[in-house]
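Have the model open as you read.

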Amino acid sequence: MLKIRVLDHPYIQVVLTTLRDKNIKQVEFRKALVRLGRAIGFEITRDLELETVEVETPLGVKARGVRFKDFDKIVIVTVLRAGMPMTEGLIKIFYNARQGVVSARRIEEKGMYPDKTFDIELTYVRLPRIDREDTVIIVDPMLATGSTIREVLKIILEKGRPKRVFVVSAISTMLAIERLREIIEAYNVDGVVYTAAIDPEINEKGYIVPGLGDAGDRAFGD
Ligand code: URA
């Protein structure tokens, strides 16, 4: 089953507004993506199981507290290159995560199909071990047509069957989410999409509208 969390935390919405602003410079944009990744990381922790623990304080007394149960069972897969800054933020929260990377390109020569999909070629895939108890977090800031995220998800689920998959994005469309849902259901895995916004349109070049432009180009220069 796929759940969708549109994150309305004021901090996240402020960062998203910065990202949408065409007047911010490259470095500002990249840093804002890092902040967004970190803030979304905090939101994700709401969905992690806690276990009760007891610690001894420097005063020699016991205090009851909590820790995350499966904190060492997190894998972060970054969709290059646009996903890199958000991963930088996420890794501050999930500091023990194993990491993988996937590079994908739209086969633009074939153009966009009338149903607003693209053919995708995965050009580089390096994934760590994926175990049954793992939570895999895939980071792709823009879920536009869903063509890339479907292929990335398929390659991950062919490699291993984790407990669940979290997809982290800045902006998504319902088309991408519905196409992602098909893969989640076909592989019978649990998934959550964490996104700061769901935008209404995709233009003829595959950009999300109003969106924020090309996240990779804006973060790293074109
Ligand atoms: N990728 C981007 O970087 N921006 C979009 O609007 C769509 C896909």
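Alanine 63 is partly exposed, with a relative accessible area of 27%; partly exposed lies between buried, under 20%, and exposed, over 50% (1.4 Å probe, protein chains only). This is a predicted model, in which local features need pLDDT of at least 70, side-chain atom pairs count only at pLDDT 80 or more, and totals for chains, interfaces and linings use all residues. Residues are numbered from 1 along each chain as its sequence is written, and side-chain values use heavy atoms, with hydrogens and water left out.

You will find alanine 63 in strand β3 (residues 62-68); strands are DSSP runs of E, at least two residues, and helices runs of H or I, at least four, numbered from the N terminus. Its C-alpha atom is 8.5 Å from that of valine 53, ten residues apart along the chain.

Now to aspartate 140, in the loop between β7 (135-139) and β8. Aspartate 140 is buried yet has no salt bridge, that is, a side-chain nitrogen of Lys or Arg within 4 Å of a carboxyl oxygen of Asp or Glu. The nearest side chain of opposite charge, arginine 106, is 8.5 Å away.

The table gives contacts (heavy atoms within 4.5 Å), leaving aside neighbours within four places in sequence.

| Residue | In contact with |
|---|---|
| Alanine 63 | Val53, Glu54, Val55 and Thr57 |
| Aspartate 140 | Val79, Thr148, Ile149, Val168 and Ser169 |

Conventions
Lys, Arg positive; Asp, Glu negative; His and termini not counted.
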